[in-house]
Amino acid sequence: MLKLKRTACYFDNGGMSFALFKASIHSSTISYTRNHQHFEINNLRDAFDSFNSMIRMHPLPSIVPFNQLFTKIVRLKHYSSVVSMYNQMGLLGIVPDLFTLGILINCFTHLRNMSSSLSVLGKLFKFGYEPNTVILTTLIKGFFVEGKPAEAAKCFRKMTQGGCRPDMITYSTLVNCFCKMGNTDAAIDLVEKIEQEFGTPNIVVYNSVIDHLCKKGLFIKALDIFLAMNSQGIVTNVVTYTSLIHGACRIGQWKEARRLLNEMIGRKITPDVITFTVFIDKLCKDGLVDDAMKVFSQMTSQGILPTVVTYTSLIHGVCKLGKWNEAARLLSQMVSQKVPPDVQTFNILIDAVCKEGLFADGMILFSEMISEGIVPDVVTYTSLIHGACMLGLWKEATRLLNEMVGRKIIPNEQTFNVLVDTLCKEGMVKEARGVVEIMVQRGIKPTVVTHNSLLDGYCLCREIEEAEKLFDVMRGDSCEANVISYNTLMNGYCKKKRIGDALRLFRELSSKGLNPNVVTYSTLIGGLCKVGRTQDAHELLKMMQSSSQLPDCQTHAILLDGLCKNGELEVAMALFKEMEEKKLHLTIVIYNILIGGMCKAGNVPTAKNLFSGLSAKGLQPDVWTYNVMIEGLLRGGLVDEALTLLIEMKVKSCCPDSCTYNLMIRGLIHNNEASRAVQLVDEMTKKGFSGDASTMALFVDLVSKGELDPSLQPLAGK
């Protein structure tokens, strides 16, 4: 009979420790230990060589060296190989022990095959073994990984009732799993249970809870736990602070994030590259690039080298602000510091320039990416296809699509949606339908995004009947119509002045469990104004204000414009005063609408007062402002004042456009200032503009009346 001297030996398995027994074997096993050649296991081939050598031995070795071999293979994460070897052992009559079966359960758990894990558990009971804490923990983790928390709880109850006592690792695993499942309340309850049974949990448990609370946006709750840890004298680490900084950034608490960063440095806890990168990334995503650059400088001044993720976050931030030179500088800097850009870095740059209409620059970046040996992915090609479509380069978009397929890069839902959306915006609905057909042929089901683009395209082309058919399909399909779908069709109805149908859809929204948003109300307000129902539009604004949706500047602008166009200037001014009293942000667009409305109604003095008060409001008039004011002055016969404004435009670097010149020329002619009009025609043509149809008609009329030299007429049409 063999005598075994058992001592604990541990192997790491993804954060889980599994107890093995190391046997000091006497008798016949001593000769095996003495004669057996030691194999260094660095890869799977070494493992199979060792296994094959062992099973060829006579007599066969005990189960212990097999357990040791399996342990090493598990470290290499070749779980299926362990299962294969175990099956081969069974054919040779080698009987597993508790530790073999524990390893096997662990392997099946990692392979997400819990039914096989439970089969092994049954075999374990059959052999007369009792499962230990390690096996319990493994099974619980496995059920959570498969998304079966109820099974995990059932397993926990059964095994604990059977006398298997959970330890700190079991509870820590449960806490981590509950957090990953999003059940932070259950995780916190478990932390309290750990405190009762084992005393203070380790920092890993607390960090897990804090991290997941922060990721859920529950920063205050996470901070409370952090403060409780401090009061109990639990030493926090860089992981704790990094999670808290991330949590503060997620909810826009930048001062708190900065305070935490300074606090950890003050506590001699050195922030690592992950801490700084998390902070920088969140700042950039919120458009606070200058602050991100300050944090970046602080990071580098402390000798912490930025990674590709750090640089990519900064590049993303500056690209969003259109700072191309800064993006190029950062790209150059990262290359000089031997931090090679990856596919995501290039994707961000390519996407940014393409969205700005700089498709040629996107292709240059693409070529550079290829030359650096970086393989483009579906995101790269989707951005380039979008850029080509935006400029109407359909052949180039098709070439890129064919190229990506040729590279075995499968176009995804986003790729097709980009094509459909761009084609629809260009009014090419027939072509967009063709893309959807290809999409379906490739096994990609059109989503609500795809259908919304088509819906918008139909409405843009005034094909309301087709839009209605598609909308009916969406309502009856698994691809349910959302609030964007309703808004799009409502907008189509409003453009056709079918306000009754638009209001019907509005009432239907709530019955479908959808909430109208700012766009919904703004669309309907505009539609009501178009058919002269301004009072109903005003009532709708009040309804909107009483709901959770607050009207934005665009909503007010739509109603103001409708009131002005319907000649209800007093109501418009009352609404304007109300907006001022509520201290709403009044843009130049709001003033342009009012000034234009006053000028068209012949109320030039009020228009002039509004115009002259712009600088006091911190607003600069734009071309539209000048154009409506000039038109109003000319209608009122105030020619000199109109010409003064034209000069002012040039002085203030607000360049007159074609509309400005045409308004001035027509106004001068109507005010019997033909000679001045002719001078302006000459100036207009030198600027590269020409007379529009209305201006040309006036010149033809002047020539026919003999009031203008026929040789001057062609100037206006150049």
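Reader: Which side chain does the side chain of Thr-534 join in a polar contact?

Author: In this predicted model, Thr-534 belongs to helix H30, which covers residues 534-546. Beyond four places in sequence, Thr-534 touches several residues, including Leu-559, Gly-562, Leu-563 and Asn-566. A polar contact of 2.4 Å links the side chain of Thr-534 to that of Glu-568.

Reader: Is Thr-534 buried or exposed, and at what relative accessible area?

Author: The residues that Thr-534 touches include Leu-528, Cys-529 and Glu-568. The cut-off for a buried residue is under 20% relative accessible area. Thr-534 is therefore classed as buried, its relative accessible area being 5%.

Reader: How many helices and strands does the protein chain have?

Author: The C-alpha atoms of the chain fill a box of roughly 130 × 60 × 55 Å along the principal axes. Within the protein chain there are 2 strands, and the helices number 40.

Reader: Why is the protein chain described as more spread out than a compact globule?

Author: For 718 residues the globule rule gives 27 Å. The protein chain is more spread out than a compact globule because its radius of gyration is well over that value, at 37 Å.

Reader: What percentage of contacts between residues at least 6 apart in sequence join residues at least 24 apart?

Author: Of the 718 residues in the protein chain, 47% count as buried. For contacts between residues at least 6 apart in sequence, the share that joins residues at least 24 apart is 58%.

Reader: How far apart do the centres of the positive and negative side chains lie?

Author: The protein chain exposes about 35,500 Å², of which carbon and sulfur atoms supply 54%. Its charged side chains comprise 76 positive and 70 negative ones, and the centres of these two sets are separated by 8 Å.

Reader: Which side chain makes a polar contact with the side chain of Thr-382?

Author: Thr-382 is situated in helix H21, residues 378-390, and is buried at 7% relative accessibility. Leaving aside neighbours within four places in sequence, Thr-382 is in contact with Asn-412, Gln-414, Thr-415 and Val-418. The polar contact, at 2.8 Å, is with the side chain of Thr-415.

Reader: Which side chain makes a polar contact with the side chain of Arg-407?

Author: Arg-407 occupies the loop between H22 and H23 and is partly exposed, with 39% relative accessibility. Beyond four places in sequence, its contacts are Ile-370, Pro-376 and Tyr-381. The C-alpha atoms of Arg-407 and Pro-376 are 9.3 Å apart, although 31 residues separate the two along the chain. The 2.8 Å polar contact between side chains pairs Arg-407 with Tyr-381.

Reader: What is the phi of Lys-408?

Author: Most residues other than glycine have a negative phi. Lys-408, in the loop between helix H22 (394-406) and helix H23 (413-425), is exposed at 71% relative accessibility. Lys-408 is not a glycine, yet its phi is positive, at about 65°.

Reader: What value does phi of Arg-462 lie near?

Author: Arg-462 sits in the loop between helix H25 (448-460) and helix H26 (464-476). With 46% relative accessibility, Arg-462 is partly exposed. Its phi is positive, in a residue other than glycine, and lies near 60°.

Reader: Is the peptide bond from His-58 to Pro-59 cis or trans?

Author: Most peptide bonds are trans. Pro-59 is placed in the loop between helix H2 (44-55) and helix H3 (63-75). For the bond from His-58 to Pro-59, omega is near -5°, and the bond is cis.

Reader: What distance separates the C-alpha atoms of Asn-207 and Tyr-241?

Author: Asn-207 is part of helix H11, residues 203-215, and is buried at 8% relative accessibility. Beyond four places in sequence, Asn-207 touches Asn-237, Val-239 and Thr-240. Asn-207 and Tyr-241 are 34 residues apart along the chain, and their C-alpha atoms are separated by 9.1 Å.

Reader: How far apart in space are Tyr-129 and Leu-98, C-alpha to C-alpha?

Author: Tyr-129 is located in the loop between helix H6 (114-126) and helix H7 (133-145), and at 27% relative accessibility it is partly exposed. Outside four places in sequence, Tyr-129 has contacts with Pro-96, Asp-97, Leu-98, Leu-101 and Leu-124. Tyr-129 and Leu-98 are 31 residues apart in sequence, while their C-alpha separation is 6.5 Å.

Note on methods
Residues are numbered from 1 along each chain as its sequence is written. This is a predicted model: local features need pLDDT of at least 70, side-chain atom pairs count only at pLDDT 80 or more; totals for chains, interfaces and linings use all residues. Side-chain values use heavy atoms; hydrogens and water are left out. Helices (H or I, at least four residues) and strands (E, at least two) are DSSP runs, numbered from the N terminus. The radius of gyration is taken over C-alpha atoms; the globule rule is 2.2 Å times the number of residues to the power 0.38. Buried means under 20% relative accessible area, exposed over 50%, partly exposed in between (1.4 Å probe, protein chains only). Contact means heavy atoms within 4.5 Å. Accessible areas come from the Shrake-Rupley method with a 1.4 Å probe; for residues, only the protein chains shown count as cover. Lys and Arg count as positive and Asp and Glu as negative; His and the chain ends are not counted. The place of a charge is taken as NZ of Lys, CZ of Arg, CG of Asp or CD of Glu. A polar contact is a pair of N or O atoms within 3.5 Å; within protein, one must be able to donate a hydrogen and the other to accept it, and residues adjacent in sequence count only if both atoms are side-chain atoms.
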